[in-house]
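Dear colleague,

I am handing over the structure we spoke about, and below it you will find my notes on what turned up when I went through it. Please read them with the model open beside you.

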Amino acid sequence: MNIALRGVGVTFTRATTALQNQAQVKPALDNITLAINEGEQVAIIGPSGAGKSTLLRLLATAQQPDTGEIGLLNTSPWSISSGVRQKLRARIGLIQQSPPLPPRQRVVTAVAAGRAGQWSRLKGLLNLIYPMDIPNIRTTLAKLDLAEKIFERCDQLSGGQLQRVAIAR
């Protein structure tokens with residue numbers, strides 16, 4: 001099994017008003033159990049505020065659950081060291097609807113940044129200054145019909161092109 005959630009819960013605490021000086025506790029996810037096996041495809045749909053983004057942050061190990069257990073790629077992400085968890089994150093792809101790509105950054109640099117979690121810090125920083133794997137970046141961009149945009153700045157791309165750059169990343 002590649003993804004398993006057992007009794008997972010996340011609660012957010014929000015301040016109400018300054019006059020009341022109280023906090024409002026709101027469950028974002030409550031006792032979620034989910035299993036996704038290799039090769040399965042799953043769609044997450046629901047109204048605003050249903051907890052979709054919270055669930056995705058949990059699956060990307062960007063957020064730890066308040067209750068329950070998560071298993072990802074046969075690993076329990078919150079029982080391993082932060083360094084090993086960083087390597088696990090490098091194997092997980094979470095693409096945001098509006099990718100946070102710096103506008104003046106070149107496409108080649110944005111895609112190269114996706115490898116940073118797989119390398120040492122020094123190699124990752126050097127890769128951002130001078131991308132080391134331009135042939136593979138070009139091949140990846142070609143699969144997304146963006147090969148000709150490799151040296152364009154991100155602020156010169158359309159929204160759809162930016163999303164594809166994020167996928168390539």
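**Charges and overall build**

The chain carries 20 positive and 10 negative side chains, and the centres of these two sets are 7 Å apart. Please keep in mind throughout that this is a predicted model. The secondary structure amounts to 6 helices and 3 strands, which follow one another from the N terminus in the order β-β-α-β-α-α-α-α-α. Taken along the principal axes, the C-alpha atoms fill a box of roughly 55 × 40 × 30 Å, and of the 169 residues 29% count as buried. The chain exposes about 10900 Å², of which carbon and sulfur atoms supply 51%. Among contacts with a separation of 6 or more, 56% are between residues 24 or more positions apart.

**The nonpolar cores**

The largest nonpolar core has 14 residues, and those touching the most other members are Val107, Val111, Ile137, Leu141 and Val165. At least two residues of this core come from each of α3 (107-112), α5 (134-143) and α6 (159-168), with α3 giving the most, namely 5 residues. If residues up to four places away in sequence are not counted, Leu141 touches Val107, Val111, Leu146, Ala147, Ile150 and Ala168. Apart from this core lies another one, of 13 residues, which includes Ile3, Leu58, Ile70 and Leu72.

On α6, the buried residues are Gln161, Val165, Ala166 and Ala168. They lie on the same side of α6, because the arc they cover around the axis is only 160°. The elements that cover these buried residues of α6 include α3 and α5.

**Two individual residues**

Gln105 is found in the loop between α2 (82-89) and α3. Its relative accessibility is 17%, and Gln105 therefore counts as buried, since the cut-off for that class is under 20%. Leaving out residues up to four places away in sequence, Gln105 touches Ala110, Glu152, Arg153 and Cys154.

Thr11, by contrast, lies in strand β1 (residues 3-15), and with a relative accessible area of 34% Thr11 is partly exposed. Beyond its neighbours within four places in sequence, Thr11 is in contact with Val25, Lys26, Pro27, Ala28 and Asp66. Thr11 and Gly71, which are 60 residues apart in sequence, are 20 Å apart in space, C-alpha to C-alpha.

With best regards

Note on methods. Residues are numbered from 1 along each chain as its sequence is written. This is a predicted model: local features need pLDDT of at least 70, side-chain atom pairs count only at pLDDT 80 or more; totals for chains, interfaces and linings use all residues. Side-chain values use heavy atoms; hydrogens and water are left out. A nonpolar core is a set of buried Ala, Val, Leu, Ile, Met, Phe, Trp, Tyr and Cys residues joined through side-chain atoms within 4.5 Å. Buried means under 20% relative accessible area, exposed over 50%, partly exposed in between (1.4 Å probe, protein chains only). Helices (H or I, at least four residues) and strands (E, at least two) are DSSP runs, numbered from the N terminus. Contact means heavy atoms within 4.5 Å. The arc is that of the directions from the helix axis to the C-beta atoms. Accessible areas come from the Shrake-Rupley method with a 1.4 Å probe; for residues, only the protein chains shown count as cover. Lys and Arg count as positive and Asp and Glu as negative; His and the chain ends are not counted. The place of a charge is taken as NZ of Lys, CZ of Arg, CG of Asp or CD of Glu.
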